[in-house]
Amino acid sequence: MNWKDKNVLITGIGGFAGSYLAKELVTREANVYGLIRRRADGTTAKNIIDRGISNDVNLIEGDLTDITSLSGALDQSEPDYIFHLAAQSFVERSFHNSQETQNINCMGTANLLEALRIKDQDSKIVFAGSSEEYGLVLSSQEQYETAKKEYGTIFPEPEEIPEVPIKETNPLRPMSPYAVSKVYGDYLMRNYYHSYGVDTVVSRAFNHEGAGRGIMFVTSVVTNQIMKLKFGETDRIVIGNLNALRDWSHVKDIVQGYLLLAEKGHSGEVYNQGSMRTNSVLSYILVGLEEAGWNVNKIEAVNGGKEIQDPTEVDKSPIFGIKFPKTKVDQLILENELEYKLEDKGINVDTEQGKVLIDFNPDRFRPAEVPILFADTHKIQKLGSKIDYSLNDILKDQLNYFMNKENRTS
Ligand code: GDP
C-alpha cells in the first residue's frame, strides 16, 4: 500500500514503539500526527528527538483520559488510520499503580473509541494489545501442577498441554493489572466493530526491543548493566527471575507488522506478532556478554551446583515441534531441567576475560510471573509478515545505545 499523503494519528508517538512507527511512516511520506502529553518543561520527548523526526511530525497535546482532547486530535488530524499505542505499559509498575494503569489503558481506550464512534469518522484503528493477555501459558504438565499449587485454581483449565506456541485462540489468563487492562482494550475494540462498525484490528505483539527501549524493561536492564560493566561503572549484573522465557522481536519488525495490519488486517480480528523464537533472560545476559566481548565458558550457582559448561552453545533440537535459534541453557530451561532460584543467590559466570557475577535481587522477582511467551504467528504470516532481525541484532542495537554514557543510568 502507498502511505504517501495518508493521514495517520499515533497515540503514544513519544513512546518506544510509537516513535519507530512514526519514523517509518515519515519515510513513507504519510502525514503523521501524534498525540502527546503536555510536558511541564516544554521539551520534546527523547524518543522523537532520537528518531530524528521532530520536524516531520505534527504533535498534538492531549491525554487519553480526557475525551475532549481526543476529540480535538481527531478533528485536527482527520486520520485515515489510527495506531493506538499509548498506555502505561510496564507490568511491574501496574502492580503498584493498578488504578493508574486501568485509567489510562482501559478508560483511555474507551474514550478513544467513543470519540471515534460519536464523530462517525471513517478511520481504521490498529490497537496495541499485548502478549501479556495470554499470561499464564502452560508449557508442560509439571508446570501446570506447580501453577495449580501456587494459584489454587487455573481458569480456564487447559484443553491440551503444551499451549505453546501461543495461538490467537489460546485462553487468556492475564497475570497483572497491566495484562487485564489490555484484555479489556482488546475486547472493547472488537465489540466496537461488532456493535457499531468501528473499523478495528487488534495486534497482540510479543515483547519488542531495540535501541531506546524503556530502561525498566529487562532487555534494557541487562544491556545497560553489561555496558556499565564494560566501562568499569559496576562490578556485577543485578537481576530478578532469569528463567523467564520471552519471544523478543526487534521493534522494527513489529512496526512493519503494525503497518501490515493497517493495510491488510481483517476488521474485528486479532493477530499475534512475534519472532517465533523464545529465549530465556539468562540467555539474553550470556549472549549479551559475548556480544560485548566476554567469551563464556561456564556458569554455576553462587551457592554451588547447577554447573553448565558452554551455556551459550547453540542448541539445534526442536521444541514444541519448532526449530529456532536458542542456547543450551534455553533448551534446559524449556525442558524443566534447569531453574535458578533465589536460594541460589546468583550465578558465577566464568569467562576467558575473567569472572562476572550475576546477582539476584529479591525485589526484582514478581508477585505473579509469566513463565513463557512464545508466539504462533502463522495468522499474520499469511498476510505477508516476516522477521528480519535476529536476537543478536537486537542485542547489538541495545549495547550500541548504551555505549553512549548519557544513555546509561545508575
Ligand atoms: P514483560 O514480559 O512485559 O514483563 O517484560 P519485562 O522486560 O519487564 O520482563 C521480562 C521478564 O524478565 C519477566 O519475566 C521478569 O520477571 C524478568 N526479569 C528478571 N529480572 C528483571 C528485572 O530486573 N527487570 C525487569 N523488568 N524484568 C526482569
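Okay, hi everyone. Keep in mind that what we're looking at is a predicted model.

Let's start with helix α9, which runs over residues 251-264.

Next, is α9 mostly covered or mostly open? Mostly covered: ten of its 14 residues are buried, meaning under 20% relative accessible area. Among those buried residues you'll find a run from Tyr 258 through Leu 259, Leu 260 and Leu 261 to Ala 262. Asp 253 is on the buried list too, along with Val 251 and Gly 257.

Now on to the ligand. There are 17 residues around it, and the ones that come nearest are Met 216, Val 218, Arg 246, Arg 366 and Glu 369. By type, that shell splits into nine nonpolar, three polar and five charged residues. Where do they come from? Domain 1 and domain 2 each give at least three residues to the shell.

Let's zoom in on the ligand's oxygen atoms. Val 218 uses its backbone here: an N or O atom of that backbone sits 2.8 Å from a ligand oxygen. With Arg 364 it's the side chain, where a polar atom lies 2.9 Å from an oxygen of the ligand. For Arg 366, a side-chain N or O atom is 2.5 Å from a ligand oxygen. And how much of the ligand's own 540 Å² of accessible area does the protein cover? The protein covers 96% of that area.

That's it from me, thanks!

Methods
Residues are numbered from 1 along each chain as its sequence is written. This is a predicted model: local features need pLDDT of at least 70, side-chain atom pairs count only at pLDDT 80 or more; totals for chains, interfaces and linings use all residues. Side-chain values use heavy atoms; hydrogens and water are left out. Helices (H or I, at least four residues) and strands (E, at least two) are DSSP runs, numbered from the N terminus. The expected span of a helix is 1.5 Å times one less than its number of residues. Buried means under 20% relative accessible area, exposed over 50%, partly exposed in between (1.4 Å probe, protein chains only). A residue is near a molecule or strand if one of its heavy atoms lies within 4 Å of it. A polar contact is a pair of N or O atoms within 3.5 Å; within protein, one must be able to donate a hydrogen and the other to accept it, and residues adjacent in sequence count only if both atoms are side-chain atoms. Accessible areas come from the Shrake-Rupley method with a 1.4 Å probe; for residues, only the protein chains shown count as cover. Ala, Val, Leu, Ile, Met, Phe, Trp, Tyr, Cys and Pro count as nonpolar, Asp, Glu, Lys and Arg as charged, and the others, Gly among them, as polar. Domain bounds come from an automatic or database domain assignment.
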